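Have the viewer open while you read.

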Amino acid sequence: MRILVSNDDGYNAPGLQALVDALAGLGELTVVAPETNHSGASNSLTLNRPLTVRTASNGFTYVNGTPSDCVHVALTGGLMEGRPDLVVSGINNGANMGDDTLYSGTVAAATEGYLFGIPAIAFSLIEKGWEHIDSAARAARQVVERQLAKPLAAPVLLNVNIPNLPFEQLTGFQVTRLGKRHPSEPVVRTTTPYGDPVYWIGPVGLAADAAPGTDFHAVAQGAVAITPLRLDLTHHGQLDEVRAWAEPL
């Protein structure tokens, strides 16, 4: 088995090392991760400059680009001997639930593999700070072992969020739908030492839909949330309405 591992926190992130350590023995691992943190990069590809690929002292390959760049270059740039059987991303320093998935670089790295028809799984630890990262890595290994033992019918893109709890305190694994957040908090305006205004993106909004069956509800119960994702953005329910609306055009 060939497994491609990436993330969005950068090749030095503790979550990436924990995931690699946890997957040891499951197959041939290739790590291609961003040089620096790219949280919130979503599915962006770098098209305005060339990318460089280097090998770090820990043996990981890193790219001076986005998470999507890393997986794209790994799959099409000859960085692997053969096509991987699985792409995994993470473990992210913070949750990727509900609307977060649209912005997440962690989910984007997995999505890039999915776009190439490769099963892909994104892993996130729901609270920042890496507390109980070993427990999260253990849970991630179980998910990967299950996929390798009984592969889901392709294509598959799974988004997995893991509570910051000791492994023995996790209440199990739940298959969920995405919840929904309230809009983000306003930007924070400040100034540079030269008096120029600058803006920081504000914190994410609180959960607006955390009903039973959502990822928010599952992790609140101490369970690992597994959400299958898809990329068809077509609003099929509006097709007939928009056809009628557009007919005079």
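Contact here means heavy atoms within 4.5 Å. With that in hand, residues 24 or more positions apart make up 75% of the chain's contacts that have a separation of 6 or more. Keep in mind that this is a predicted model, where local features need pLDDT of at least 70, side-chain atom pairs count only at pLDDT 80 or more, and totals for chains, interfaces and linings use all residues. Residues are numbered from 1 along each chain as its sequence is written, and side-chain values use heavy atoms, with hydrogens and water left out.

**Overall picture**

The chain has seven helices and 13 strands; these are DSSP runs, H or I of at least four residues for helices and E of at least two for strands, numbered from the N terminus. Its radius of gyration is 19 Å, close to the 18 Å that the globule rule gives for 249 residues, so the chain is as compact as a globular protein of that length. (That radius is taken over C-alpha atoms, and the rule is 2.2 Å times the number of residues to the power 0.38.) Along the principal axes, the C-alpha atoms fill a box of roughly 60 × 50 × 40 Å. Of the 249 residues, 47% count as buried, where buried means under 20% relative accessible area, exposed means over 50% and partly exposed is in between (1.4 Å probe, protein chains only).

**Helix α1 and its surroundings**

Seven of the ten residues of α1 are buried, so this helix is largely enclosed by the rest of the structure. Those buried residues are Gly-15, Leu-16, Ala-18, Leu-19, Val-20, Ala-22 and Leu-23. They pack against β1 (2-6), β2 (28-34), β5 (86-93), β6 (120-125) and α5. After α1 comes Gly-25, with a positive phi near 90°.

**Two helix pairs**

Two packed helices are described by the angle between their axes and the distance between the axes. The axes are lines fitted to C-alpha atoms, for helices over the stretch in contact, and angles run from 0 to 180 degrees between N-to-C directions.

| Pair | Angle | Axis distance |
|---|---|---|
| α1 (14-23) and α5 (133-149) | about 45° | 9 Å |
| α2 (67-76) and α4 (105-115) | about 25° | 7 Å |

That makes α1 oblique to α5, while α2 and α4 are therefore roughly parallel to each other. The cut-offs: under 35 degrees is roughly parallel, over 145 roughly antiparallel, 65 to 115 roughly perpendicular, and the rest oblique.

In the second pair, Pro-67, Ser-68, Val-71, His-72 and Leu-75 of α2 meet Gly-105, Ala-108, Ala-109, Glu-112 and Gly-113 of α4.

Most residues other than glycine have a negative phi, and most peptide bonds are trans. So where are the spots to check?

A cis peptide bond joins Gly-90 and Ile-91, with omega about -5°, and Ile-91 sits in strand β5. Trp-130 is not a glycine, yet its phi is positive at about 70°; you'll find Trp-130 in the loop between β6 and α5. His-132 lies in the loop between β6 and α5 and has a positive phi too, about 65°. His-132 is partly exposed, with a relative accessible area of 29%.
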